[in-house]
Amino acid sequence: MAENVLYYGDNLEILRRYIKDETIDLIYLDPPFKSNQDYNVLFKEQNGSCSAAQIKAFEDTWQWDQGSAEAYEEVVENGPDKVSKVMQALRTFLGENDMMAYLSMMAPRLLELSRVLKSSGSIYLHCDQTASAHLRLLMDAVFGTNNFRNEIVWHYRRWTAAAKKFQRLHDTILFYTKTNKYVFNQLLIPYTKGSVKRKKQGILHRFKRGEEPVLVSNKELQADGVPENDVWNIPFVAPSAKERLGYPTQKPEALLERIIKASSNKRDTVLDPFCGCGTTIAVAQKLKRQWIGIDITCLATALIKHRLQYAFGRKTRKTYRVIGEPVSLTDAETLAKENWHQFECWALGLVGARPVEKKKGADKGIDGRLYFHDEPDKKRKTKQIILSVKSGEKVGVSQLRDLRGVVDREDAEIGVLISMAKPTSAMRKEAASGGFYKSPWGKHPRLQLLTVEELLGGKGIDYPSSEGVNVTFKKAPKAKGKEIEHPELNYSEE
Ligand SMILES: C[S@@+](CC[C@H](N)C(=O)[O-])C[C@H]1O[C@@H](n2cnc3c(N)ncnc32)[C@H](O)[C@@H]1O
């Protein structure tokens with residue numbers, strides 16, 4: 001029986017290592033576009049500002065280097081003939097630049113995705129104008145031009161600065177299937193008022209390009225609406241939207257509902273290899289599909305865990321596995337050595353805190369923050385816990401004293417030092433001298449020491465953490481809302 005799995009790691013490695021051939025029913029991918037931007041995750045501060053805590057979640061900048069040259073060569077030398085030819089042609093046309101680096105990263109991943117897709121499966125590649133034309137060629141080479149189904153235009157409204165060109169208000173989603181026998185549940189759009197009126201008068205026509213209009217038959221009029229088209233008007237996840245979690249590239253749930261409903265059935269397996277803050281996963285969970293999510297940042301995996309918990313309840317944690325994140329002290333040490341930033345995100349995520357950007361002078365001495373509420377009234381003050389993460393083999397009392405200074409400076413309620421090494425007796429003494437923060441739930445030490453080993457054993461921060469009190473991550477709305485209003489028809493092949 002398939003199971004839900006959240007993987008932390010590079011999707012190429014994960015796909016090759018864990019995902020078997022032809023086991024996936026539907027793939028949606030929203031890779032970082034070649035838009036030459038560094039995306040920052042913007043968390044709203046308690047005073048509403050966004051600037052204080054920006055963490056680079058992933059770099060959307062590609063440069064032609066040794067790595068891209070190797071990826072390119074591997075595809076050209078060992079990939080299928082058509083893919084090899086397209087890549088060579090693109091290199092002749094583009095040269096060795098950042099676009100070519102991006103395409104060299106995408107090519108082996110698309111080949112892996114084709115391998116894991118079932119013969120009845122579909123893949124939706126989300127992109128924008130920057131790379132959509134190049135990706136279309138690559139998708140044609142990997143999946144075959146005859147398996148191209150649609151270029152979906154996702155149209156949204158937003159304010160953009162005036163420029164000497166038309167406003168860009170759409171993304172492109174390339175829809176391919178593995179073969180011509182594929183799952184497709186026709187979605188219907190209800191008739192407009194005008195159509196209903198014309199239908200009653202018996203003058204509703206169907207138009208085909210280059211042909212005379214034909215009267216719509218009575219049989220067709222029995223249906224609850226007209227088949228969904230390839231231009232989707234779905235609102236952007238606006239800054240004020242309930243579902244917005246603060247992930248800059250978060251996609252709307254309505255968009256994923258449409259894709260998942262059209263191209264999969266209950267209990268099918270949906271894969272998102274660039275899953276970000278987990279929109280595909282949350283929608284798949286809601287629509288009772290199995291899911292697999294992969295992301296290369298611990299920040300994304302931490303957000304997804306919170307999203308699922310808030311949307312579906314604490315018990316959801318039992319319905320999926322997390323693979324790739326440290327499960328032992330040795331794993332944690334390896335991660336800390338390989339990628340300190342990811343280690344910090346992971347350790348902070350375990351206690352429900354989030355990292356802060358290091359460059360900010362104002363946040364000096366702070367690695368993470370956790371916000372909570374413990375007063376019932378509406379005007380309650382937001383309280384905070386300051387976290388410091390230390391990796392070295394030794395920790396000393398001076399580090400705890402520094403933290404104590406920061407806790408005082410920030411007027412925080414509690415300070416927590418997370419360390420790989422066991423705290424010394426001088427540190428324990430210093431922590432004990434810190435006194436207590438008193439909440440309606442009792443007394444909580446103002447200075448707390450936690451080792452990574454204790455975190456792995458399930459120990460957390462001593463603070464008023466009953467359900468709903470931690471307000472560090474924006475909560476995903478509970479998953480009881482209305483699904484998209486689309487009557488469904490079962491549909492066979494085209
Ligand atoms: C555009 S965002 C996806 C947003 C997502 N659709 C959502 O609604 O939240 C792209 C994601 O891909 C992840 N990513 C980038 N390179 C990756 C790789 N090689 N393997 C796995 N994830 C990767 C980034 O960390 C980022 O979260």
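**Helices and a strand**

Modeller: In helix 1 (residues 11-18), Asn 11, Ile 14 and Leu 15 are buried, where buried asks for 20 or more other C-beta atoms within 10 Å of the residue's own, exposed for 12 or fewer, and partly exposed is in between, with C-beta atoms placed from the backbone. The model is a predicted one, in which local features need pLDDT of at least 70, side-chain atom pairs count only at pLDDT 80 or more, and totals for chains, interfaces and linings use all residues. Residues are numbered from 1 along each chain as its sequence is written.

Colleague: What makes you say on which side of helix 1 they are?

Modeller: They cover an arc of only 100° around the axis (the arc of the directions from the helix axis to the C-beta atoms), and therefore they are on the same side of helix 1.

Colleague: How do you know what span is expected of helix 2?

Modeller: The expected span is 1.5 Å times one less than the number of residues; helix 2 (residues 66-78) has 13 residues and reaches 18 Å from its first C-alpha to its last, close to the expected 18 Å.

Colleague: Why is strand 17 called largely enclosed?

Modeller: Five of the five residues of strand 17 (residues 368-372) are buried, so the rest of the structure largely encloses it. Gly 368, Leu 370 and Phe 372 cover one side, with Arg 369 and Tyr 371 on the other, all of them buried.

Colleague: What makes strand 17 and strand 18 a pair?

Modeller: Pairing requires at least two bridges found by DSSP, and strand 17 and strand 18 (residues 383-390) have five, in the antiparallel sense.

Notes: Helix = DSSP H or I, 4+ residues; strand = E, 2+ residues; numbered from the N terminus.
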